[in-house]
Amino acid sequence: MTPATGRAAGVGTEGTGTTGAPVRFRDLVAAERIKMWSLRSTWWALGLILVSMVGLAAYAALATTDGWAGWSPEQRSLHSPLGDAFPDEAQLFVILAASAVGTVAVGGEYASGLFRGTFAAVPHRGAVAAAKVLVLATVTTAVGVLGAAAAFTVAQVILTDVGAQMSVTDPGALRGITASALLVPLSALIGTAVAALVRHSAPAIVAATALLLLLPTALDEDERWTAMLRHAMPVAAWQRLMETGEPPPWISLPYRATVGGAWGTYAGWTLVAALLTVAAIHRHDP
Amino acid sequence: MIALNALTKRYGRTTAVDDLTLTVRPGHVTGFLGPNGAGKSTTLRIILGLTAPTSGSATVDGVRFRDHPRGLHHAGALLDAGDVHGGRNARAHLSALARSNDIGRGRVEEVLREVGLAAVAGRRIGGYSLGMRQRLGIAAALLGDPPVLLFDEPFNGLDPAGVRWARDLLRRLAAQGRTVFVSSHLMSEMEHCADRLVVLGRGRLVAEESLAAFAARGGRADVAVRTPDPAALAAVLTAEGAGVRREDGGLLAVTGLAADRIGDLALAHGLPLHELTTRTASLEEAFMDLTADSVEYGGRPAAPVAAGEQR
């Protein structure tokens, strides 16, 4: 009748499973995976990201095929099939949704008080945080890759109607797909870092959005230092990685970002966001 | 076993826990009592390594809790039934905790049955009553079959049957040789399940003793006697050296004589008795007396209270 009470009086710490052994990182990862997939909001958010990436790509490609007949040769030459696959509005949505997913993964656990139970079970907070970051990064990368591949395919299939499509082997195509795919985990990790610092979901979402979307708009490229700052922004880096050739001759860009610099921005933000998340969660009492 | 040594926690100028030295031993249910704001929850959080003490130490089985790699095997805790994500179901909530400590799925089902939530384990916690959440918190504490169990106000929100179930469970866990440490701000809850009491007031240790020793503090053990002729009986008892005090409803409160002796005397003098009750001091009163000076958020009567009960 009482399976939970199998202990004989005076027995030491022998219980279920092994007790003295160090906690295994793969167990923590598995636990975080259970947490993530057991929330409906995860499915909704990731589903929305996929649907919006594909849907907005189709919409942009259809707009091109509809107007194609009336376009001048110059307009046609400026058309970017990569831009149709990954239109700005899709990336805006991806950044909003993915950073919210990251924010809620950490902020929700602080807000609900669940971190207290989590840390009473696993006192090594840094390891818990690292497992959470790893699970979130893996899942959002998978969604990003899936969404970007589907968006590219759908857009190019539609553009085939007017012969305006590009192939994945064309210069810059794979780079644009990869950059768009990785924007999902990048935004999610920035969301977790902000939430780990702020520890409340709603203000963290606002802060992450401001950091990702509003801050770059405040920076122009007229001065060398403002250009450098702008290039260090994730959205600006994504825009640079989406450029397949040289900018049109009438646009003057004295301080144009490099492709390597843009990838560096991606890597830097990812690394800093992951480390900040782990350090902040480790430091603060739940 | 839980050992606190000169444990102190300050938040700015407020001292939540003040130089607390204490040992909570296995094999007993130890009640952890104190008014609201006495520092009970802070102490429990420090024991679990969730809050760092300002000075002093807290150990679970001789080791600082944060140095235990897998917490659930060393101490199970219910701190706040609300510390769950309402969007998850009970089974997923417990499975994630269990998995982090390498505890199998079978154990999750066992504790769900143990607390009576097996039938609703697939429902979202958001729809649970407070009583169901308390049961879920208790299930989480039991997951690792730990030698030490900490419960913060576990009876909150439980219905009478649930309170009885929880009491029996706590006693059973102690009987199995575990250390069971249960906080409450209501003495009446502890009266029926604790063997030992630790009383905290304003972060300081006020009492640490057995339930019986604590009850004796009240010092108001007497015998209540009801008779149709109280004046005659009072005279007889006073002549025998007893202290007699009249209470409302013609009741006599007799001190200094045992009930059997009072009955014998009444019979010898031909006085009928309608009631003869030995009264021990109420634990509630002993608790109130002890913590009266250390109530953090005590209310003051707005207007003078009618004479009688004012202290």
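A residue counts as buried if 20 or more other C-beta atoms lie within 10 Å of its own, and as exposed if 12 or fewer do. Keep that in mind for the views below, which come from a predicted model.

**View 1. B:E153 is a buried loop residue with a positive phi.** Find the loop between β6 (148–152) and α5 (160–175) of chain B, where B:E153 is located. B:E153 has 20 other C-beta atoms within 10 Å, so this residue is buried. Its phi is positive, about 50°, although B:E153 is not a glycine. Most residues other than glycine have a negative phi.

**View 2. B:A6 is an exposed strand residue with a positive phi.** Here we look at strand β1 of chain B, which contains B:A6. This residue is not a glycine either, and its phi is near 50°. Is B:A6 buried or exposed? B:A6 has 12 C-beta neighbours inside 10 Å, so it counts as exposed.

**View 3. Three strands of chain B form an open sheet.** Follow the strands in the order β2-β1-β4, and you will find antiparallel pairing. Because β2 (14–24) and β4 (55–60) of chain B stand at the edges, each with a single partner strand, one side of each has no neighbour in the sheet. From one strand to the next, the twist averages 20°. Strand β1 (residues 2–11) of chain B is joined to β2(B) by 7 bridges. To spot a bridge pair, look for B:R10 and its partner B:T15 in β2(B). Strands of a sheet pair through backbone hydrogen bonds.

**View 4. Helices α5 and α7 of chain A pack against each other.** Helix α5 (residues 88–112) of chain A meets α7(A) at an angle of about 155°, and their axes are 11 Å apart. An angle over 145 degrees counts as roughly antiparallel, so α5(A) is roughly antiparallel to α7(A). The crossing is right-handed. Where do the helices meet? On α5(A), look for A:A98, A:V101, A:G102 and A:A105; on α7(A), their counterparts are A:K132, A:L136 and A:T140.

**View 5. The largest nonpolar core has 161 residues.** Those with the most contacts inside this core are A:A57, B:L94, B:A139 and B:L150. Helix α7 (residues 125–159) of chain A gives the most to the core, with 17 residues. Zoom in on B:L94, whose contacts include B:V108, B:V111, B:L112 and B:A139. Another core, of 10 residues, lies apart from the largest one and includes B:V223 and B:I262.

Conventions:
Residues numbered from 1 in each chain as written. Chains lettered and ligands numbered in written order. Predicted model: local features only at pLDDT ≥ 70, side-chain atom pairs only at ≥ 80, totals over all residues. Pairing = 2+ DSSP bridges. Helix = DSSP H or I, 4+ residues; strand = E, 2+ residues; numbered from the N terminus. Axes fitted to C-alpha atoms, helices over the stretch in contact; angles between N-to-C directions. Core = buried A, V, L, I, M, F, W, Y, C linked by C-beta atoms within 7 Å. Contact = placed C-beta atoms within 7 Å. Parallel < 35°, antiparallel > 145°, perpendicular 65-115°, else oblique. Left-handed = near helix turned anticlockwise from the far one by under 90°. Lists of a residue's contacts leave out its neighbours within four places in sequence.
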